Amino acid sequence: KLYSGIHSSIPYLKYKLKNGEILNFLIDTGANKNFIKKDHAFGSKLLETPIMIKSVTNKILLTEKVSGKFFKNIGNDTILDFYILPGLTSFDGIIGDDSLKKLGAIIDRKNNVMTINPNCKIQLFEKISEQLNNLELRTNHLSEKMSEKVKEIVLKFPDLFGSLEDNCTVETTVRAEIKTTTNEPVYAKLYPYPANMRREVEIQIQKMLNDGIIRPSKSPYNAPVWVVGKKPDSSNEKKYRLVIDFKKLNSVTVSDTYPIPDINNILSNLRNSKYFTTVDLTSGFHQIKMKDCDVQKTAFSTLNGKFEFLRLPFGLKNAPAIFQRMIDDVLKEYIGIYCYVYIDDIIIFGGITPEEHLEIVGKIFLKLLQARLKVNLDKTEFLKTETEFLGYVISDKGLRPDPKKVLAISKLAPPKNLRELKSFLGLTSYYRRFIKDFAKIAKPLTNLTRGENSKVKSNQSKNVPINLDKDALKSFLNLKELLTSSHILIFPDFDKPFVLTTDASNYAIGAVLSQGDIGKDKPITFISRSLNKTEENYAINEKEMLAIIWSLDNLRNYLYGAKKIKILTDHQPLTFTLSNRNNNAKLKRWKARLEEYNYELFYKPGVTNKVADALTRLPQLNNLSLNDSDTVHSAEEDSTDLIKFVEVPVNVFKNQLIFAKSNSETLTEEPFPNYKRHNIYSLSFNKEILISKLKCYLDPNKVNGVVIPEEYIQLLQEIFRENFSTFKIRLSNRKVIDITNEEEKFKIIEETHKRAHRNFLENKEQIFEKYYFTGMVNSLKKYIKTCNICNKNKYDRHPNNPELQETPIPLYPSEILHIDIIDIKDEKFISCIDKFSKFVKFFRIKDKSVLHLRNKLTKLLHYYSVPRLIVMDNEKSFISPIITNYIKTLGIDIYKTPSQRSEVNGSIERVHSTILEILRCLQEEYKDLALKELVNISVDRYNNTIHSVIKKKPTDVFFGRTQKSSYQNLLDTQTKVNEDLANLIKKNQKVKLNRENLKRNKPKGYEPGDEIYVQIKQIQSKNKPRYKKEVVAKDNKVTVTTVSGRRIHKRQIK
């Protein structure tokens, strides 16, 4: 051990209690107050206002004290206060300077006597001081000379080692940021916590307020809190931890893509180094400041108020990446040159001699000190010539996998019965695609599963002994060796998700860490261990959860900060175990640990969970007994015949079985017509009781909802598979309030929806949290559909996209004309296309005045001849009475396209696009020509180019010309040509409609008088209504005419 000061003796006195027990009290003139262990503080009282004191390493909050005349038996009636000091270990108590003055005490260190009264002297004793901040150094592998040099380096930076102070922030420009996928505040309601924990929560909140970690909040965000127990410290005092459940916030948080160091690059750079020092940092998340705009997102509430974090809290999904960014910022000038960092692990390399390496260590330590970071010295290794980093052993000789990665496989003993053999073959078969000639190597083992053994049922296979002959034993050993070879094990890729497969048995837990698609994943490492006596008594769900937590702890160097972890377990009830309604304190504590990782839990049946299953089922050499009981799995044979869990309350099922511990009589009630609820009570439920109750109350013709205490879920699953597999059963974890009153139903729907005017699914889930009533889904949908506020103001997330319809096909030129007005630079033109021949003409206009347009239309109609139909949009000048009456007096029908639906007048819109393309090309070629001339040339080029639809030139068709016919023949065949062109146009239209309508819907029909909501296209502000109410007068198939006279395309209707 290394001490940051010189050894010295300190005085203490011995105090004898009435029961004869002797307590040792340190005499400390440097302490202002008196302190005592909780064990000896009889009759202690809570302080009205907790007191914060500062020790050598951190701050401590004092909440209790005991008062009394402690020296009355020697004639002194002075009342002294002793405060209960958590973590006091060296002495039973401390008498501070204030009380020494109060007592009038005189300390004689020479004679080791303390005088209180003139005639009362108390004998003092001495203890050699091994200071509380002694530092453990790992230097056993070094010579005495190098050990001294390491000590010199450490003593240069005494403030670098020790505990982090919560009121201290890291000196860095990095700020913790929370980017979310939605701007909607994330709100989760407060969890109830035990009333006896209220004082504990108040104390911890007050401490964080004093340290500047949190502040009072008015944020719309909210996260609930838990109180979970911690392991007792050296003083054996029960400790608690306040945990914020940021699960909802994490679900909408954008993953931090800050790059984790590339392991292959790191390891390749390290392999040529001679000396290594590995440093373990104290992960002080509370030392990183939050970005101001994201402080409100960390809000949480307790029974005493609402608060938000000014520093990075534990439990945020991006916390590891933020910490990595921070430490990279601190050591940026040395990373890749002298060190590499992975979260809180630093490896320092470089230097030809030990002295040069220690100089580099000093540089790194200085940077860490300047940033006010702390180092765990007892986990720091100095001047190693071989060290483990990120799961690999690095030395000057090169790189090799850490033997611990394959220890779990190498310790497997040969199988003794058929079940163990099948388990081992299942493990090796999972990776058979990576093992060359797997079938050939495994043949001696697979032969043992054939013949009579192939007929043995799985649940009887443990009773069938097997003996491995020479060939079978050789096969077993070869497969073990291949499974742990470099051909199988891979380097982790931190940019890809990890797969963690875990399992638990009656006597062991195990896991395999891998990467790749599930089923094709390659292993990175295997781990397993036996359970201790206490753990063997855990319930199966606790064992399965222990397997996950233990695996995460042991594989922390891979998984902490990983972008995604897929956890595979064969224990289906873990979905409830991890729910907020589970009050098991141990599981809540483990869940808090789990929330440090970005994980997703998947259920993988035992029959497919071969690898982790084998690690726990197979006996291990020099470790596990072959006589231990078998693995307990939630799905021993198959998962398809298990009762499924549902998130809905049990109230939704027409036949409900609710099991509860009570000595009450079973009660059957009818909450709604045709609904049965059986409240089944018993002080405990064994297999016989459950079977009899299920036989009595299950309905074979209905889906049965079941609520049962978690401890009986596993037993229920077994009973279901053996006796009731033909019944439809679903497991729920809650019952809510039944609502039968119609007015109350409406009130609940109205209040729920008006709270934020959210969609049907969100409203349904909100109601399901507290209530259930029949017809809820239909009533809720109907209410939301008719909500005037929603219809006016909400975006249409799934707008109606009606199919394009057939349009009239002309039979001869000039039968149907499409017209529009186009602006080209500073000029305006009336454009016109004949739908039959595709012939186009542009007529230049000075302005859009009605009289001027009527004159130009007269010229246009004289050129084309009078058509049967003109299609035009809602151009104000076109739809003026003067123009429309003029057109109608000529016997021409008018079709006005719906407003803002340009595709309805698509023929002319497409012409505009094509003419403008030709115009831009001509401008490059004829730069001196005026715009009017260029437009005329562009139109002429268009008309004299073969059209893609009619396969002819528009000019030839419009004027009835062809190069392939004589003039006389043309007159005779004109009718035939027109018919062919009409059929060609019709065929082209059909092909286009089939293509365009693949993702469109049948137009919705409306009746006169129907209320509709029409999109307001001219809206400029996000705060204004998005739709306007109209009433239908007529349905025109793809459009409707409203009572107000508007023609509305159905795509604009919600």
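Q: How many bridges join S38 to S39, and which way do they run?
A: 6 bridges join them, and the two strands run antiparallel. This is a predicted model, by the way.

Q: What stands opposite Phe 829 in S39?
A: Arg 844 does.

Q: And the hairpin of S38 and S39, how many residues are between the strands?
A: There are 5 residues between them. Lys 838 in that hairpin takes a positive phi near 70 degrees.

Q: What about S37 and S38, in which sense do they pair?
A: Antiparallel, over 8 bridges. S37 covers residues 816-824 and S38 covers residues 827-834.

Q: Which residue takes a positive phi in that hairpin?
A: Lys 825, near 55 degrees. The hairpin of S37 and S38 has 2 residues between the strands.

Q: Which bridge partners in S38 go with Ile 822 and Leu 817?
A: Ile 822 has Phe 829 as its partner. Leu 817 has Asp 834. Phe 829 is also the residue that stands opposite Arg 844 in S39.

Q: Zoom out. What is the strand order in the sheet?
A: S39-S38-S37-S40-S41. It is an open sheet of 5 strands with mixed pairing.

Q: Which strands stand at the edges?
A: S39 (840-845) and S41 (893-896). Each has a single partner strand, so one side of each is left without a neighbour in the sheet.

Q: What does the twist average there?
A: 25 degrees from one strand to the next.

Q: Back to S38. How many of its residues are buried?
A: 6 of the 8, so S38 is largely enclosed by the rest of the structure. Cys 832 counts as buried too, at 0% relative accessibility.

Q: Which strands does helix H26 lie across?
A: S37, S38 and S39. H26 spans residues 906-925 and runs at about 45 degrees to S37.

Q: And what does H27 touch?
A: H27 (residues 931-943) packs on the sheet and touches S37, S38 and S39. Its direction makes about 165 degrees with that of S39.

Q: Switching to helix pairs. How do H24 and H25 cross?
A: At roughly 25 degrees, with axes that come within 9 Å. That makes H24 roughly parallel to H25. H24 is residues 850-864 and H25 is residues 881-889.

Q: Is the crossing left-handed or right-handed?
A: The crossing of H24 and H25 is right-handed.

Q: Which residues meet there?
A: From H24, Val 850, Leu 853, Arg 854, Leu 857, Thr 858 and Leu 861. From H25, Ile 882, Ile 883, Tyr 886 and Ile 887.

Q: New topic. How many disulfides does the structure hold?
A: 0.

Q: Cys 790: buried or exposed?
A: Cys 790 is buried, with a relative accessible area of 6%.

Q: How many bridges join S12 to S17?
A: 3, and the two strands run antiparallel. S17 covers residues 305-309. One of the pairs is Arg 215 with Glu 308 in S17.

Q: Where is Thr 302 found, and what does it touch?
A: Thr 302 is in strand S16, residues 300-302. Leaving out residues up to four places away in sequence, Thr 302 touches Leu 190, Tyr 193, Val 201, Ile 205, Val 225 and Phe 307. At 7% relative accessibility, Thr 302 counts as buried.

Q: Last one, the whole chain. How many helices and strands?
A: 29 helices and 45 strands. Of the 1054 residues, 48% count as buried.

Definitions and conventions
Residues numbered from 1 in each chain as written. Predicted model: local features only at pLDDT ≥ 70, side-chain atom pairs only at ≥ 80, totals over all residues. Heavy atoms only, no water. Pairing = 2+ DSSP bridges. Helix = DSSP H or I, 4+ residues; strand = E, 2+ residues; numbered from the N terminus. Axes fitted to C-alpha atoms, helices over the stretch in contact; angles between N-to-C directions. Contact = heavy atoms within 4.5 Å. Buried < 20%, exposed > 50% of the residue type's maximum accessible area, 1.4 Å probe, protein only. Disulfide = S-S within 2.5 Å. Parallel < 35°, antiparallel > 145°, perpendicular 65-115°, else oblique. Left-handed = near helix turned anticlockwise from the far one by under 90°.
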